[in-house]
Amino acid sequence: KVTLLHGSHRTGKRTDAAMEKWRGHGLGQFIHWGLYAIPGGAWNGKQYNGAAEWIRSWNGIPKSTYDSLNYSFNPTAFDAKSWAKTAKQMGAKYVTFTTKHHDGFCLWPSKYTKYTVANSPYKKDIVKAVVDAYDQEGIDVILYFSVMDWNHPDWRYDIKSKEDSIAFERFKKFTRNQLIELLTNYPTVKGLWFDGTWDTSWVKQAAFADELETEMRKLRPGLIIGSRFRADENGKRHFDSNGVLMGDYEQGWERKIPSRIEDVHGNDWDCVMTVPENQWGYNAAWNGHIKTGLELIEMTARCVSLGGNFVLNFGPKGDGSIRQEELKLAAEIGDWMKINQQAIYNCGYAGYDKQDWGYFSKKTGTDKIYMLVFNVPVSGALRIKTPAKTVIKKASLLADATETFTPEQISGDEYFLHLKKGTHPQPFVIVLETAPGQ
Ligand SMILES: C#C[C@@H]1N[C@@H](C)[C@@H](O)[C@H]1O
């Protein structure tokens, strides 16, 4: 163990109410929206395949022209209330919303830069509209904030000179001011989701970032901050030099999902996922594999079964409308959640051996186990291996409690549930009432 001044200040999961609530969300929505939605992955008629929110960084894109897009930002179809209703319909319990992405354009009227929505034809405070609309729907709001800011003259990728150092000191003050401003303007937000924190310039700011995190937590007790915000004094990110998680949950699962419980090291975590392979901001031409509703429902189940949250990304268009493909997915996921949400909300790792037919989840604080079935074996027999000495008292279909299953015990702690042929066209959930054995 090494002595750290700016490593993790806490081990184990937070047990306060705010974190317990976050832990139980199960399903969230990510929204990436900003100036990049205007070009939508194309420039001068040429469609690019990179992540559309990074278009400013691609070769051949005139940066000053991109930077002037704020003068064309006028999303006449933007309606935060309809976004929030879509999230509600999908069954999302929280939204992570981009206040400022890497291009530095602020979707709130920040006092600390002119590069904001206030200096666009739209003028109005988009962050406020989103926070109010989602609060209204009872959906918690987490604010995404990119430390890396391509627009700010004092941003540096590394600090290699006295001039760099002086400029970056100004940038650090600017970053702190914006974060305090966000937490002050939007006091109901439940957390911050940091990005753009991998460059050496920021990784070198262990003491400053540690102090800033402490200041933000003091300003907003219960605030939830992930592992991507700061590094320790040895430059270690996500996990400090002693391997202890930095922040309240692991933010390493970007477009990937853990395969085993061991991968999450007993921590809270979220998986943030795109519908195409790698498009967060709006890209008019979705190419490659586009995930289906069933794939995304299974990803949600897998994340919850491993004690995490699944956060599905939406990339609204430059006019503020959500594309049809995403609306369709929200509806499909929502239809499934309407029937099966009990196996997702306030559920976590069940401690049962993983089986090929799908996933187990456990209702937090109870002995109730859910079997989320995605792959019915040709035998129709669902194998269950319970933790030692667990008694299965009852097994029934979540969607219809009158459909019960008599567990066939096949060895000490192993059982089969036999399904009737062809009875379940959709992924379905079986509820196990269990009790600790003698
Ligand atoms: C890389 C990168 C960023 N991290 C994801 C959450 C998106 O914001 C992407 O642009």
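This is a predicted model: local features need pLDDT of at least 70, side-chain atom pairs count only at pLDDT 80 or more; totals for chains, interfaces and linings use all residues.
View 1. Residues are numbered from 1 along each chain as its sequence is written, and side-chain values use heavy atoms, without hydrogens and water.

View 2. A ligand oxygen lies 2.7 Å from an N or O atom in the side chain of His 32. For the side chain of Trp 54, the corresponding distance from a ligand oxygen is 3.0 Å, and for that of His 101 it is 2.7 Å. Of the 290 Å² of accessible area that the ligand has on its own, the protein covers 87% (Shrake-Rupley method, 1.4 Å probe).

**View 3. The two faces of helix 3 (residues 80-90).** Helices are DSSP runs of H or I, at least four residues long, and strands are runs of E, at least two. Ala 80, Trp 83, Ala 84, Thr 86, Ala 87 and Met 90 are buried (under 20% relative accessible area; exposed is over 50%; 1.4 Å probe, protein chains only). They lie on the same side of helix 3 because their arc around the axis is only 155 degrees, taken from the directions from the helix axis to the C-beta atoms. The face turned away from the buried side carries exposed Lys 81 and Lys 85.

**View 4. The ends of helix 3.** Asp 79 caps the N-terminal end, with a side-chain oxygen 3.0 Å from the backbone nitrogen of Lys 81. Gly 91 follows the helix and has a positive phi, near 95 degrees.

How values were computed: A polar contact is a pair of N or O atoms within 3.5 Å; within protein, one must be able to donate a hydrogen and the other to accept it, and residues adjacent in sequence count only if both atoms are side-chain atoms.
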